[in-house]
Each structure stands twice: as C-alpha cells, then as structure tokens.
Amino acid sequence: MERAEPGWFVYTEQLPPHDDHAEESVLGSLLIDGEAVTGVQGILEPVDFFRQRHAWIYDACVSLFTRNDPISQVSVADELSRQHRLDEVGGLPFLSHLIAVVPTSVYADNYARVVRRLSIHRQLITAGAQIADIGARAGDDEEESLRKAEELLYRMRLGRTTRDLESLHDVLDRYVEESGQVTAGHIGGVESGFADLDRQLGGGFQPSDLLILAARPGVGKSAFALNVAKSAAATLRADGRRRTVAFFSLEMASEQVAERLLAGESGVNSTRIRTRIWTDYEEGAIMNAVGRLADLPLYIDDSVTLGIVELRSKARRLHLDEGLDLIVVDYLQLMTGANFAGNRVQEISEISRFLKALARDLNVPVLALSQLSRAVESRPRHEPLLSDLRESGAIEQDADVVLFLYRADMVYTGEEWERQHPDQEYPRGIADVIIAKHRNGPTGRMQVVFEERTTTFRNAARAGGGAAPDGYY
C-alpha cells in the first residue's frame, strides 16, 4: 500500500481516508501557477499527502519556493531529478497529467483543505493505533499511560500551532464582530471579583496573559487567589455557561481550600469552620454556602509535587472536557521543572516560560502566585518592587501583569505608622493591590479590605471610586 506517512501500522480491508483527485488538483494548480504555493503552504505539509509521490512533488515545489526559484513543470522535474525521485513519481508524463487535471489554479486553497481534512482523519486512525499499543504494552503505570494517550489526542486537537498572516482589515472586522456580541459595559476578560482591578486591567484577566501575584508570606496571596477563582467561576461566558476554573494548590490540601471558600461564602469565622464547632445558625449558613459553592465549575488539584508536564496534561484535559477559562497556580516556587542540576534560578525561569506558553497555548489567563525575597524587609519603606521577585528575573520578563499584595498593618505598628504618616489613618485591615507591571496598559494601585475572621478580601468602598494612579499615598 502506497502511503506518505511513516509509521502506518493499521491494516484494514479498505484504504484509509484519502482523495487522489484533490491531491492531484493541488499539485496541478501549483504547476499551472507557482504563486499559488503561497496560499497552499499555510495549509499543507508534505506529510498531509496520502500518496508518497504526491508528497515528493509537493516537497519539490516548496523547496523551489524556499529558494525563491520559479515553480513550473520544468523546474519541478529538475528538482525531482536532483533528488533522484523523478522516475519514481512517474517522470514528465505524470507531471503533464497533473497539469491536465485542473483547468485553473483558482481553487488551489479549497483542494488543499480537502487534503488536510483527510490527513487529520488518517492521523486519528494512527493515534488510535498508538493508544492501543500503549494499552497493550502496559509497561508504564496508569497515570503515565494516560498522559501519553492524552498527549497524542491533544496534538491532534490543536493541529498546527502556526498561523498564517492576517491583514489588519480582517483583524478589525473580527474585532467589530466580536464587539457586537458583547453587551455594553460587560467585561471582556475573566472577572477577578475586584471591580477597581478589573477596570485597571482593561476588563479583567485577559486570555493568553500570564499574571503574577506576589507578596511576602502571610499577607494573603492564597486568600486573594481563592477570591478570584470563586468569583470567576460564578460569572458567565458569552454562551451563558459558567466559567471553568482550575486551581492548582501546592501549599494547601483541597479540604483547606474548601474550608476557606466556605468561610468566605458563609461569613462564619474560619477558625470555627476548621474546628467544626458552630451554632445552629452558623450551621445553616454553612449548609447554604455548600449548596451555592457546589454548583461552581471550580476544580482543585492539591498535588504536593507538581511538575510542568503534569500540570499541562491536567489543564489540557480539563480544557478539552469543559472549556477552561482560568488557571490559578499556588504557588510558582513550589513547582518543579526539568533537570537543571540544582540550578534553581534556571528551573524557575523554565517554569515561568512554561506558564506563559501554557496561557497562549490554551488561550486562557494564568494567575501564578509567587514569593518575594527578604530584600523588601530591609528597606525603610517596605513596599515591594519588581526586583524583589524571588529567584528569577525571568518572572518579570515573562509576565504580562505583575501584581503585588501589600498590607501596611503587617509591617508597621500603630505608633510607627502615626510617626511616619501623621496625616493618614492607620490602615488596619486594608491591603493595597499594586500593579507594578502591565504590558498592555497602565500601572497603578487600588485598595481592598481584608477580613481576617473569614480570611477573605472584598472590594473597598472608596469615595470617588475607581483605581488610583501610581503614588496616590
């Protein structure tokens, strides 16, 4: 059986899906009009052809195009002869046959799409055989086998990652069309639950963005991220379904995450929820909160050790099953990368690059929590700076948005604050969210309120509203 794709291990009584006429029409179009390759090349690769000789002829056309040589029957024959393949494809008579197949090259792109579609179906058959082989060998543990199978299917789902050039006209047309589908005033990204922050970020957390939320230990990074995750899961997509959120908790067990969510939703003291000592009234509030939270499409993974490959596999699986809208990682420094022989800086750099690539790959925002170095504590003014991001400058480089969570009441006593800020009230329970980097918009800061009894954050009611510009206090 003639074929273009190596590794074809499935033998059936009928040939795999293919269309000889479509393949010949593509090649005939290129021989008639060599310029047609510019449209076809963004759709097809040689491996997409079922017939081996068709793949060789197409490869010869692409080689000529790459060298900026004209594509014609004569030049393609010469290229095939140079590669010692002219006789194998059928010589000049077969090239003449290809030219006779189609009267014009106008529909070259349409023929190419037919060839590509059938190639995908053949790849599905091949992937099925490979998955069957994984199951038959049973050499790996079940998780590794599932990961390999999912990786095969995911590559099939995504197809090529490269995109063809688009005119600004087409981009603007799509923008106007999408704008018409959004209700006036509706936030385009994933809502964080903090109105000032969403406005400052130009409509919430944007798809394909990597957002870093950094603070010193104990300030409330996890609590803030949980607020964001719950709020996002409670909002609706354009199709009317609730947004799906994946929360990777490397620091807290899933039960602890649930307890924090229950405290915030019910208003019951988090200590009483943790110890399960509550009044009848509090029990009713907790049960009502359970009912509301149980309906949210919020998925929690509390793996103690989580590598970048495992995180990608789990996120992809959820994305294919549910349509993922937001990924939260708590926190970046607890993840593991590839083997860097103990070089932690390189490992963190790899992890941050991976998270940015994952955000683009799935086209969802990724919110990753990060620790700050102790340098912030050695300065007279303890507000964090970008240089305080722990262990790697790559975090700052890869991030689209860097947020700092800062609580002055954890740094200054009331007396110290009054001595240094005589005209300002002591900010007990007040946290500043500082946008230190914003690749696509302004930096700035806003305030939120931290409720210690429920370990949750909420919007601050401030006169005038809106986010404050840099240096407002």
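Author: What follows is a set of questions and answers on a predicted model, taken one element at a time.

Reader: How many of the six residues of strand β2 (residues 244-249) are buried?

Author: In a regular strand the side chains alternate between the two faces of the sheet. In β2, T244, A246 and F248 point one way while V245, F247 and S249 point the other way, and residues on both sides are buried. The strand is therefore largely enclosed by the rest of the structure, and the number of its residues that are buried is six of six.

Reader: Which residue in β4 is the bridge partner of F247?

Author: Strand β2 is joined to strand β4 (residues 324-330) by six bridges, and the two run parallel. Within this pairing, the partner of F247 in β4 is V328.

Reader: At what angle do the axes of helix α3 (residues 52-66) and helix α6 (residues 91-101) cross, and is the arrangement roughly parallel or roughly perpendicular?

Author: The two axes come within 13 Å of each other and cross at roughly 85°. Because angles of 65 to 115 degrees count as roughly perpendicular, α3 is placed relative to α6 as roughly perpendicular.

Reader: Which residues make the contact of α3 with α6, and how many of them are nonpolar?

Author: From α3 the contact draws on R53, H54 and I57, and from α6 on F94, L95 and L98. Sorted by class, the contact has one charged and one polar residue, and the number of nonpolar residues is four.

Reader: Is V76 buried or exposed?

Author: V76 lies in helix α4 (residues 73-82), and, leaving aside its neighbours within four places in sequence, it is in contact with L31, I57, A60, C61, L64, I71 and L95. Since its relative accessibility is 0%, V76 counts as buried.

Reader: What distance does helix α16 (residues 344-362) reach from its first C-alpha to its last?

Author: The buried residues of α16 include I348, I351, F354, L355 and L358, and the helix is followed by N363, whose phi is positive, near 60°. With 19 residues, α16 has an expected span of 27 Å at 1.5 Å a residue, and the distance it reaches is close to that, at 27 Å.

Terms used: Residues numbered from 1 in each chain as written. Predicted model: local features only at pLDDT ≥ 70, side-chain atom pairs only at ≥ 80, totals over all residues. Heavy atoms only, no water. Buried < 20%, exposed > 50% of the residue type's maximum accessible area, 1.4 Å probe, protein only. Helix = DSSP H or I, 4+ residues; strand = E, 2+ residues; numbered from the N terminus. Pairing = 2+ DSSP bridges. Expected span 1.5 Å × (residues − 1). Axes fitted to C-alpha atoms, helices over the stretch in contact; angles between N-to-C directions. Parallel < 35°, antiparallel > 145°, perpendicular 65-115°, else oblique. Contact = heavy atoms within 4.5 Å. Nonpolar A, V, L, I, M, F, W, Y, C, P; charged D, E, K, R; others polar.
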